[in-house]
Amino acid sequence: MTRVAVIGAAGRMGRGVLRAVLEAPDLRLVAAVDAGDAVGSDAAGLVGLRPAGVLVTPVTVDAFGQADVAIDFSTPRALADCLDVLGTTALVTGTTGLDEDAERQLERRAALGAVLAAANFSTGVTLLLDLVGRAAAALPDFDVEIVEAHHRRKVDAPSGTALALGRAAAAARGVSLDAHAVHGRSGQPGPRPPGDIGFHAVRGGDVVGEHRVWLAGEGERVELGHVASSRQTFVEGAVRAARWLAGRPPGRYSLRDVLGLTQP
Ligand code: NAD
């Protein structure tokens with residue numbers, strides 16, 4: 001039985017993860033962490049299930065004591081607070097909008113416990129990252145533009161997935177994304193410099209998540225894309241990753257490891 005903590009338990013993703021954990025015979029919910037109104041309520045009640053005896057708590061030093069693995073979909077701030085108190089509990093995190101400090105904190109934390117961070121837990125996007133890298137390398141002169149769309153409540157832009165797609169294209173061309181990323185265009189940006197990787201964020205309604213990568217050349221264009229129509233795909237990916245990660249030695253792991261796509 002794998003003991004699981006859920007961070008951001010009252011959120012859109014957190015509730016999906018809570019339900020999946022509570023309904024899985026091989027997983028046991030031992031902690032549910034959130035902030036605000038949900039604190040103090042029974043975690044199972046948040047998803048309309050019979051009380052499971054686990055109350056939602058804020059981040060505290062003993063919140064994760066018994067957990068083998070924590071699944072996090074919260075905010076960069078909440079994740080940073082949790083990293084300070086996670087101890088050796090393995091961590092699966094899907095929180096996006098992490099800055100360089102947060103990335104370094106994750107890296108340091110991996111010396112103590114297993115860490116798997118992914119901007120997108122869908123199998124389709126894991127494949128898309130591969131395809132984009134291959135296309136960017138095979139078509140080195142084509143212009144890369146990444147267009148993403150999400151629901152109106154999303155707080156970071158561009159999406160973590162869009163940035164991961166940009167990194168895949170940049171890495172395949174042996175360049176740094178930071179040096180080539182261009183976010184939106186307005187005014188008089190002038191002709192497009194070769195090598196730019198453009199990002200465009202559309203926000204509206206209840207769009208779960210869409211990503212399209214253009215590779216535009218003279219007289220032709222390749223488009224690679226992915227549409228998530230349900231958050232359940234992310235929930236299932238994260239729970240699968242948590243099962244896989246629990247009990248692993250300290251270090252950084254990726255979804256590619258979980259899916260067996262890593263080259264030997
Ligand atoms: P949400 O706003 O619905 O949920 C976030 C939850 O975190 C809320 O319940 C909030 O109360 C809680 N929280 C905020 N501050 C906290 C704190 N200090 N301590 C504890 N809890 C705190 O957001 P969401 O749509 O569920 O997304 C959460 C994150 O997951 C975002 O960064 C989003 O981009 C990311 N996400 C990733 C994937 C993926 O596959 N990797 C998929 C969907 C969303």
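Student: Before we start, what counts as a polar contact?
Tutor: A polar contact is a pair of N or O atoms within 3.5 Å. Keep in mind that this model is predicted.

Student: OK. How far is a backbone N or O atom of Arg12 from an oxygen atom of the ligand?
Tutor: The distance is 2.9 Å.

Student: What about Gly11, how far is its polar backbone atom from an oxygen atom of the ligand?
Tutor: That one is 3.1 Å away.

Student: And Lys154? Which part of Lys154 lies 3.0 Å from a ligand oxygen atom, side chain or backbone?
Tutor: The side chain, through an N or O atom.

Student: How much of the ligand does the protein bury?
Tutor: The protein buries 79% of the 870 Å² that the ligand exposes when taken alone.

Student: Which pocket holds the ligand's space?
Tutor: The second largest pocket. Its volume is about 710 Å³.

Student: Which residues lie nearest the centre of the second largest pocket?
Tutor: Arg12, Met13, Thr96, His151 and Lys154, out of 32 lining residues. Helices H1 (12–23) and H6 each give two or more residues to this lining.

Student: Which element gives the most there?
Tutor: H1 does, with 3 residues.

Student: How does that lining divide by class?
Tutor: Into 10 nonpolar, 16 polar and 6 charged residues.

Student: New topic. What volume does the largest pocket have?
Tutor: About 890 Å³. Its lining counts 31 residues, and Glu103, Ala119, Gly160, Ala164 and Arg167 are the closest to its centre.

Student: Which elements supply at least two residues of its lining?
Tutor: Among them are helix H4 (100–109), helix H5 (123–138) and helix H6 (160–172). Strand E12 (251–253) is another one of these elements.

Student: And the classes in the lining of the largest pocket, how do they divide?
Tutor: There are 14 nonpolar, 8 polar and 9 charged residues.

Student: One last thing. What kind of peptide bond joins Ala157 and Pro158?
Tutor: A cis one, with omega at about -5°.

Student: Where is Pro158 found?
Tutor: Pro158 is in the loop between strand E7 (143–150) and H6.

Key
Residues numbered from 1 in each chain as written. Predicted model: local features only at pLDDT ≥ 70, side-chain atom pairs only at ≥ 80, totals over all residues. Heavy atoms only, no water. Polar contact = N/O pair within 3.5 Å; in protein donor to acceptor, adjacent residues only side chain to side chain. Areas by Shrake-Rupley, 256 points an atom, 1.4 Å probe, with all protein chains shown as cover. 1 Å grid on protein atoms, 1.4 Å probe; cavity = no way out; pocket = protein on both sides within 12 Å on 5 of 7 lines; lining within 4 Å. Sits in = over half its atoms within 2 Å of the grid points. Points joined across faces, edges and corners; volume = space filled by probe spheres on them. Helix = DSSP H or I, 4+ residues; strand = E, 2+ residues; numbered from the N terminus. Nonpolar A, V, L, I, M, F, W, Y, C, P; charged D, E, K, R; others polar.
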